[in-house]
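Student: Hi, I've got a protein here and I'd like to go through it with you. Can we look at it together?

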Amino acid sequence: MPTYMLFLHEDQGQFDGRTHDEMMRVIKEYSAWAQKMREEKRLVGGEKLTDDTGKVLRNKGGKIVMTDGPYAETKEVVGGYFAITAKDYSEACAIAQACPHLKYGGRVEVREVHQL
């Protein structure tokens, strides 16, 4: 079965201002969703990423140039990811619709992993 990456996009600071108890409830929702995927033998992996935008390296005329992450202008970051298995894009998107990230105003990008 193919693997799909679910990239969790969010505005930088999207979860700022929440109390510790609120954040613990949010984390429990994500954990419960991941556990459900694990029990269904769909979860390949996943992690929360740090809140910065990261770095992007490009080759510009033979010189490697490093800049802040790809979303520096909009302050959007990839906040985390899940890797899941699904039979096709349709099923992967149906699975992604249940991801708690959408509930909190983020967006989920679904991409198939090319098996080399």
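Student: How many buried residues are there in strand β4?

Tutor: Zero: none of the six residues of β4 (63–68) is buried, so this strand is hardly covered. Buried means under 20% relative accessible area, exposed means over 50%, and partly exposed is in between, using a 1.4 Å probe and protein chains only. Strands (E, at least two residues) and helices (H or I, at least four) are DSSP runs numbered from the N terminus. Keep in mind that this is a predicted model, where local features need pLDDT of at least 70 and side-chain atom pairs count only at pLDDT 80 or more, while totals for chains, interfaces and linings use all residues. Residues are numbered from 1 along each chain as its sequence is written, and side-chain values use heavy atoms, with hydrogens and water left out.

Student: OK, and which way does β4 pair with β3, and over how many bridges?

Tutor: They pair in the antiparallel sense, over six bridges. Two strands count as paired if DSSP finds at least two bridges between them. One of the bridge pairs joins N59 to I64 in β4. The hairpin of β3 and β4 has two residues between the strands, and G61 takes a positive phi near 60° there.

Student: Where else is there a phi near 60°?

Tutor: Look at K41, which has this positive value although it is a residue other than glycine. K41 sits in the loop between α1 and β2.

Student: Is K41 buried or exposed?

Tutor: K41 is exposed, because its relative accessible area is 69%. R42 is in the loop between α1 and β2 as well, but R42 counts as buried because its relative accessible area is 15%.

Student: What does the side chain of R42 make a polar contact with?

Tutor: With the side chain of E91, at 3.2 Å. A polar contact is a pair of N or O atoms within 3.5 Å; within protein, one must be able to donate a hydrogen and the other to accept it, and residues adjacent in sequence count only if both atoms are side-chain atoms. Not counting residues up to four places away in sequence, R42 touches several residues, including M1, M37, I84 and I95. Contact here means heavy atoms within 4.5 Å.

Student: Switching topic: in what order do the strands of the open sheet come?

Tutor: The order is β2-β5-β1-β6, four strands with antiparallel pairing. β2 (43–48) and β6 (107–112) are at the edges with a single partner strand each, so one side of each has no neighbour in the sheet. On average, neighbouring strands are turned by 20° against each other, direction ignored. Such angles run from 0 to 180 degrees between N-to-C directions, with axes fitted as lines to C-alpha atoms, for helices over the stretch in contact.

Student: Which helix packs on the sheet?

Tutor: That is α2 (residues 89–97), which touches β1 (3–11), β5 and β6, and its direction makes about 155° with that of β6.

Student: Which residues of α2 are buried?

Tutor: A92, I95 and A96. They lie on the same side of α2 because they cover an arc of only 100° around the axis; the arc is that of the directions from the helix axis to the C-beta atoms. An α-helix has 3.6 residues a turn, so residues three or four places apart point the same way. The buried residues of α2 pack against β1, α1, β5 and β6, while the face turned away from the buried side carries the exposed S90 and Q97. At the start of α2, a side-chain oxygen of D88 comes within 3.2 Å of the backbone nitrogen of S90.

Student: And the largest nonpolar core, which residues touch the most other members?

Tutor: Of its 20 residues, those are L6, Y30, W33, F82, I84 and V110. β1, α1 (20–39), β5, α2 and β6 each supply at least two residues of this core, and α1 gives the most, with five. A nonpolar core is a set of buried Ala, Val, Leu, Ile, Met, Phe, Trp, Tyr and Cys residues joined through side-chain atoms within 4.5 Å. In soluble globular proteins, nonpolar side chains tend to be buried together.

Student: Last one: what does D52 count as?

Tutor: D52 counts as partly exposed because its relative accessibility is 47%. D52 is placed in the loop between β2 and β3 (55–60), and D52 touches Q12 and V77, leaving out residues up to four places away in sequence.
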